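Dear colleague,

Please find the structure below, followed by a short account of what was found in it.

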Amino acid sequence: MSTSSVIGISSTRWGKVLQNPSAGALLLVGVLVISMSIAFPTFPSAINAGNVANQMVFVLLLALGMTVVLITGGIDLSVGSIMGLSAGVGAYSINSGAPLILGLLAAVGAGAVLGLANGLMITRLGLPDFIATLAMLGIARGLLFLWTNGVPFIGYMLPEYYVISGLERPFGFITVPIIIAAVAVLAIIFVLRKTSFGRHAYGVGSNPHAALLSGVPVDRVKITAYVISGLMAGLTGMLMAGRTTTVAPTMGLGYEIAAIAAAIIGGAALTGGRGHALGAVLGALVLSITANAINIAGVSSTWQQVVTGSVLLLAVVFDRASALLRERSTRSAGRLAVT
Amino acid sequence: MSHDVVQAEVTRPPVGLPVLIEARGVGMRYPGVIALDGVDIKLRAGEIHALLGENGAGKSTLIGLLSGISTPDSGELFVDGVKQHFNSAKQAQALGISTIYQEQTLAPDLTVVQNVYFGRELRRGLLLDEGAMRRRVESLCGEFGLTAADLDSPVGALGALKQHVVQILKALAFDARVVILDEPTSGLEESERQLLFEHMGRLRDRGVALLWVTHRLDELFGLADVITVLRDSRLVASVNPAEHSPDSLVRLMVGRKRSEGEHLRVHDRSERIQSNSREEFIRLEHVSRYPLLRDISLSIRRGEILGLAGIAGAGRTELGRIILGADRPDSGSLFLDGKEVTIRSPRHATRLGISMVPEERKTQSILGTMSIANNISITDLGKVSRNNIVLDRRRENRLAKEAIRDLGIKSSSEQQKIVNLSGGNQQKAIVARCLFSGPSLMIFDEPTQGVDVAAKTDIYRLIYDFVDKGGAAVVISSELPELLHLSDRIAVMREGRLVDELAGVDRPGCLGSESEIAETIMAMAAREAGHSAAADTKEEMA
Amino acid sequence: MSARERLVRIASIDGLPIAAALVAAAVFFTAASPFFLTGENIRNLLIQSVFVILLAAGMTYVLIVGGIDLSVGSTTGLSAAMTLMTIMNGAPWPVGILAGIGTGVVVGVINGFFIAILQINAFIVTLATLSIGAGALQVITSGTQLTGVDSETFLALTKGNILGIPTGLVITLVIIALLEWVLLATPYGRSLFAVGTNPQAAFLAGTSIRRANFSVYLLSGVIAGAAGVLLASHLNSVQPGLGQGYELSAIAAAVLGGIALSGGRGSVWRSLIGALFLATLSQGLQLVGVDPLWFNIVTGASIVIAVAFDRATQHFIAGQLRSLARKQSHDISGGGLEAEALRSPAAAAPIEVQPAGAGNHEITSGARNI
């Protein structure tokens, strides 16, 4: 049968690529890099690579947290707002005389607390994930506006903060944020692969019913995932505050979209059970190279948001296509088994 | 209630095997329904104990009680001779009772090793002890036919047999002493089935007690050490398979004609038109949808009730969905009144005069937040609106009232929410819904599941009335007496194929007594083809 | 009827809590501030709330079929920009209105295509179109100053009066009434409820799920387009970020009105009450001296409270029905509504599997000993 043989081929070649979305992301990164290098000779330079790397740190950190949440079958729409509010907490603490390190920890801690609130709303109040985090998006952003009264926080930039945020680069383009991001990637890899929380996260997302029957503390796993996501958002806010040297009430606005896009490009499935930290790196890389390309090509940066949204849409279409293909190859396997 | 139907036969117990679990007179009732009535069962170490019974005989309820998912209303459970009171599945698991359910309880994205230890991972400090878990699974899996490569692949990518094996390993890894298998062979190919039986034998040799629920009688012999048969929520017998044949087991399962069958006879069949004079409404030719339906050819005539027999998973519901346009066939064609059609959707099917009373009332039939009237009119809103634009509430309510009266739906008013009706009345409302669009063909999928006897009779009458007015009906049912009672013709399905057709069921006496026909059908549905009884009656009338 | 049954019946009345909350808020603010219950204040309150009222009505349709549309805020902003831009480029005002509504149609079709046809997660799709719409608004507003349209007729859309009532409000009420009518009185509206309450059952009974889904996102887009036109007329200027957060208010208004996120329940009328409650709260808090910036927080929190409250009410009703039925099932002559409800799916208790962690340890250590 000709149709089945076509399906057969697609399930062996294209199917493999589609079924492993991280490979797709890797391919995408390759294509982007090569085509950009051909089109713009300034693209493949060490300086530009450093720019891309330093730019991607924010989305990468958020995407790491988002990946963990997606693995458990949830979604976190509040990361952009949490990022802004955490940055505010950090800036405010430093301005009120707290030592730098304490201010930074306060920012990260605020993110974790807000993540905990998300987790509790979802598990204890039984709110759907996206509604709970959407509400948190509104609440955290509202708190930041209220707190700043619309006027950005400034004057918290202690000398060391310039180094921590990567504005001063004592070690070339390997900045502190890049080191932090690398550590975070390793930490998430470790947590997902080596701890029982990681194992439970995949299982809860893959089949919540089975998780319950197997005695997995499902609620605790979900809460932990949101705390991790909040913590990553806090960390991102802390770094962003140093990079921009002001905390505007709109800080982090719309970043949840980039984070979700990066995680999905990296192979995390909206249906849960799939995704990994290296995928998030690839996803963040795709977004950063795209942004960088827009920049180099001389397109106005106002297009950035349109591009991010389109990339997210493409990513979910890709996600859906790969799911459909898996389903079809299973069915065609059934057909081949009889004929 | 007394055990007046059949006194439980007493079998000599295998000597010397310790009893691990014993249930004494356990019962379970829901309002209006007795799910289990004073059942005794003993599971012994190193013994395969088969549990037989028709759908609704109480097997699932019994499994639920033994695995701690539900608590019995009466009777007692003993584990190792100690009385136990289970409140959760966890508690039963802690005592070494593992249940392998029919539904998937594995996480498809986790690997075999990860699934076996899912929820109870071995750790060294904070870290997962992958090495120890893998070694343990490796040591267990060799004899169960899993390769090293399988251990690291996601369970979702494995076949049905290997997924069963993973569940078995999961039970073994935690020292399960009692393993309950709920229809473990469904979805398995024949060769895989044999392998699973070998695995079960191995579990027995390790001294595990197995409780094995199955529909397929041919599987039992040579493997089961004891067979317990349930019927109508009661224990019929615990027997030694050596003293029985498939036919005698069928007799135990089906039993003598139920008394309710007598007053169900509401229709005088002699007045019905003869089969051959009925004109064909729909014909299927070589219809397949893989993997569940294979090469089905069938025709359904006006004024006739076609029964579809088969065990769960035989593809009967899937066939109904194809006719309704809910799924598209991969190949084959459908003819309506002799003209080839493609049924694009249930919406299209409704316009073509086809409707279905689905199997699962809660998930597939009732529109829970809506009133009875709204539930009935949904199949043809044009009929209750002016110019197809504005709903005519008065007309809708009047028609709903008529339907409620005609079908005898017990309710306070047509505005009552459908969820507040009893199961039987909900089902009648769904039948009213299907009738509302004026169909020529109605498919009834398990029309009397969870319905009391009175409502059952009413539903039978509705089906008869429908075909008497020239409608064609397909009845899918797992209750053989029901099928025999209703059908003019019975088609038997097994594993997605149409294996046989019995015509003339409507003429009593032609094919022998009802229980004889029931045994024939059961034999065809549950066994390998070629059984003599099936061959004898096959196409006798056609 | 026992007190308990009466309580169940009262709790089952949809929209009662939010109507009560609206009255309570109005009474409270009237007592707290002499300026609250004045013609001018009420007028302002209503004019400013028409956008959320409209969006909440569109959202009601989407929620009834069990979906969500996060893109309405950014579509409103984009539509406002398209309207002003078209008129400023010399087109007559009706063309401007068409441009605004056309923007909504485009977004609605895109959403509907991805959600209904390709069957992709609604909130992800609309999150992406939110981003694209907001980005497009930024692109449009970055180059040109969008302000100062001088078409009197266009500005009169919101500034004028019909019989002493602000024109914008009249237009909104007409749209609302039409939407409520379509929802409750047409076969189409009925099919939306059917799809929302049980998509499988609706499908098997011959309803097109795809058509229902596609149409609500299209409708929600059109409504957002219309809201954008009114917003353009109201402000006569457009900045980047316009419309941002309106989706949150629209969802809040709808869920405050008791529209279930799980689909199958709701009415435009009730989300109107929800929107008015939010508007009253915002206006009233401002009058008693609360910083208007609190409003975002109040909106977000009200979503959480409303959903949790709805859940608790449903639990309460189901639980009461169940225990009433249990009581009556002992009484053999009993029957009636409540006893039947026990056997109904809504009241039947699901088999609960405890996620117990307590037994873990023993089992794990047991495994090591094998």
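**Domains 3 and 4 of chain B**

In chain B, 11 residues of domain 3 are in contact with 10 residues of domain 4, a contact being two residues whose C-beta atoms, placed from the backbone, lie within 7 Å. On the domain 3 side, helix α17 (residues 453–468) of chain B gives the most, with four residues. By class, that side has seven nonpolar, two polar and two charged residues. Here Ala, Val, Leu, Ile, Met, Phe, Trp, Tyr, Cys and Pro count as nonpolar, Asp, Glu, Lys and Arg as charged, and the others, Gly among them, as polar.

This is a predicted model, in which local features need pLDDT of at least 70 and side-chain atom pairs count only at pLDDT 80 or more, while totals for chains, interfaces and linings use all residues. Residues are numbered from 1 along each chain as its sequence is written, and chains are lettered from A and ligands numbered from 1 in the order in which they are written.

Chain B averages a pLDDT (the predictor's confidence in each residue, from 0 to 100) of 80, and 85% of the residues score at least 70. Over residues 1–13 of chain B the pLDDT is below 50, and this stretch has 17 contacts in the model beyond near neighbours in sequence.

Strand β6 (residues 97–100) of chain B, a DSSP run of E with at least two residues, pairs with strand β9 (residues 178–182) of chain B in the parallel sense over four bridges; pairing requires at least two DSSP bridges. S98(B) stands opposite V179(B) in β9(B).

With kind regards
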